[in-house]
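Me: I have a structure open and have not looked at it before. Can you walk me through it?
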Amino acid sequence: MVIKVFVATSSGSVAIRKKQQEVVGFLEANKIDFKELDIAGDEDNRKWMRENVPGEKKPQNGIPLPPQIFNEEQYCGDFDSFFSAKEENIIYSFLGLAPPPGSKVKKSPEEASSLPNGDVVGEAQGTTEGTEKAEESGENEAQKEDNEDAGNLAESQEKNEEEAETATEEELGRVVELTYQPL
């Protein structure tokens with residue numbers, strides 16, 4: 001299954017561009033297979049996206065803004081839904097994907113089902129033999145570090161963009177001060 005991310009490559013909105021970059025950056029950092037589809041340059045993509053966003057998810061004006069995320073033809077959500085799923089650590093269920101093996105990803109409330117002893121299916125580590133093998137190979141620690149690195153990468157990208165914008169605004173302010181000198 002391929003994740004489809006509908007974006008507008010020629011968007012004049014800085015907010016929309018940042019949201020698109022955050023989604024794409026996260027998917028790339030986590031090595032999630034996806035396809036980026038431009039709605040600005042391809043009328044068919046724009047039409048398909050608008051027709052397939054569910055009515056209850058469309059804004060009041062009826063025109064959904066990018067980024068919009070689909071798993072094949074199944075609608076996943078917009079940026080706000082994506083961000084919430086990422087914060088709640090249920091991004092794989094949001095995308096309709098199985099979490100990578102060995103990850104400690106929480107399942108969405110709909111997917112989690114309680115066992116008679118009060119445990120939640122999917123949160124238990126499994127047999128001690130499986131745990132010992134994973135510990136011996138160091139896979140759990142390596143995967144934790146990879147997941148942390150991916151999250152840190154997305155955060156540092158966003159921080160760098162914000163710092164670049166702030167620096168540009170400050171430099172522009174200095175240029176204005178230097179060029180404007182009252183007589």
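What follows is a short chat about this predicted model, from the overall layout to single residues.

Me: How many helices and strands does the protein chain have?
Reply: Six helices and four strands. Along the sequence they come in the pattern β-α-β-α-β-β-α-α-α-α.

Me: What order do the strands take in the sheet?
Reply: The order is 2-1-3-4, in an open sheet of four strands with mixed pairing. From one strand to the next, the twist averages 25 degrees.

Me: Which way do strand 1 and strand 2 run, parallel or antiparallel?
Reply: Strand 1 (residues 3–7) and strand 2 run parallel, joined by five bridges. Two of the pairs there are Ile3 with Phe34 and Lys4 with Lys35.

Me: And strand 1 with strand 3, parallel or antiparallel?
Reply: Antiparallel, with four bridges between them. Val5 has Ile69 of strand 3 as a bridge partner.

Me: Which unit do strand 1, helix 1 and strand 2 make?
Reply: They make a β-α-β unit, and it is right-handed.

Me: Is strand 1 buried or exposed?
Reply: Mostly covered: five of its five residues are buried.

Me: Where does helix 2 lie?
Reply: Helix 2 (residues 43–52) lies across strand 1, strand 2, strand 3 (68–71) and strand 4. With strand 3, helix 2 makes an angle of about 80 degrees. Helix 3 (residues 79–87) also packs on the sheet, where it touches strand 3 and strand 4. The direction of helix 3 is at about 85 degrees to that of strand 4.

Me: Switching to the inside. Which residues have the most contacts in the largest nonpolar core?
Reply: Ile3, Leu27, Ile69, Phe82, Ile91, Phe94 and Leu95, in a core of 19 residues. At least two residues of this core come from each of strand 1, helix 1, helix 3 and helix 4. There is also a second, separate core of eight residues, including Ile39, Val53, Phe70 and Tyr75.

Me: What does Ile69 touch?
Reply: Leaving out residues up to four places away in sequence, Ile69 touches Ile3, Lys4, Val23, Tyr75, Cys76, Gly77, Asp78, Phe82, Phe94 and Leu95. Ile3, Phe82, Phe94 and Leu95 are also among the residues with the most contacts inside the largest core.

Me: How many of the 183 residues count as buried, as a percentage?
Reply: 26% of the 183 residues count as buried. The protein chain exposes about 12400 Å², and 49% of that is supplied by carbon and sulfur atoms.

Me: What share of contacts join residues at least 24 apart?
Reply: 57%, taken among contacts between residues at least 6 apart in sequence.

Me: Now some single residues. Where is Arg17, and what does Arg17 touch?
Reply: Arg17 lies in helix 1. Residues up to four places away aside, Arg17 touches Ser11 and Gly12. Its relative accessible area is 34%, so Arg17 is partly exposed. From Arg17 to Val7 the C-alpha to C-alpha distance is 8.5 Å, and the two are ten residues apart in sequence.

Me: Which peptide bond is cis?
Reply: A cis bond joins Pro66 and Pro67, with omega about 0 degrees. Pro67 is in the loop between helix 2 and strand 3.

Me: Which residue other than glycine has a positive phi?
Reply: Lys31 is one, with phi near 55 degrees. Lys31 sits in the loop between helix 1 (14–29) and strand 2. Another is Asn89, whose phi is about 60 degrees. The loop that holds Asn89 runs between helix 3 and helix 4 (91–95).

Me: Are those two buried or exposed?
Reply: Lys31 counts as exposed because its relative accessible area is 77%, over the 50% cut-off. Asn89 has 32%, so it is partly exposed.

Technical notes:
Residues are numbered from 1 along each chain as its sequence is written. This is a predicted model: local features need pLDDT of at least 70, side-chain atom pairs count only at pLDDT 80 or more; totals for chains, interfaces and linings use all residues. Side-chain values use heavy atoms; hydrogens and water are left out. Two strands pair if DSSP finds at least two bridges between them. Axes are lines fitted to C-alpha atoms, for helices over the stretch in contact, and angles run from 0 to 180 degrees between N-to-C directions. Contact means heavy atoms within 4.5 Å. Buried means under 20% relative accessible area, exposed over 50%, partly exposed in between (1.4 Å probe, protein chains only). Accessible areas come from the Shrake-Rupley method with a 1.4 Å probe; for residues, only the protein chains shown count as cover. A nonpolar core is a set of buried Ala, Val, Leu, Ile, Met, Phe, Trp, Tyr and Cys residues joined through side-chain atoms within 4.5 Å. A crossover is right-handed if, with the strands pointing away from the viewer, the path from the first strand over the helix to the second runs clockwise.
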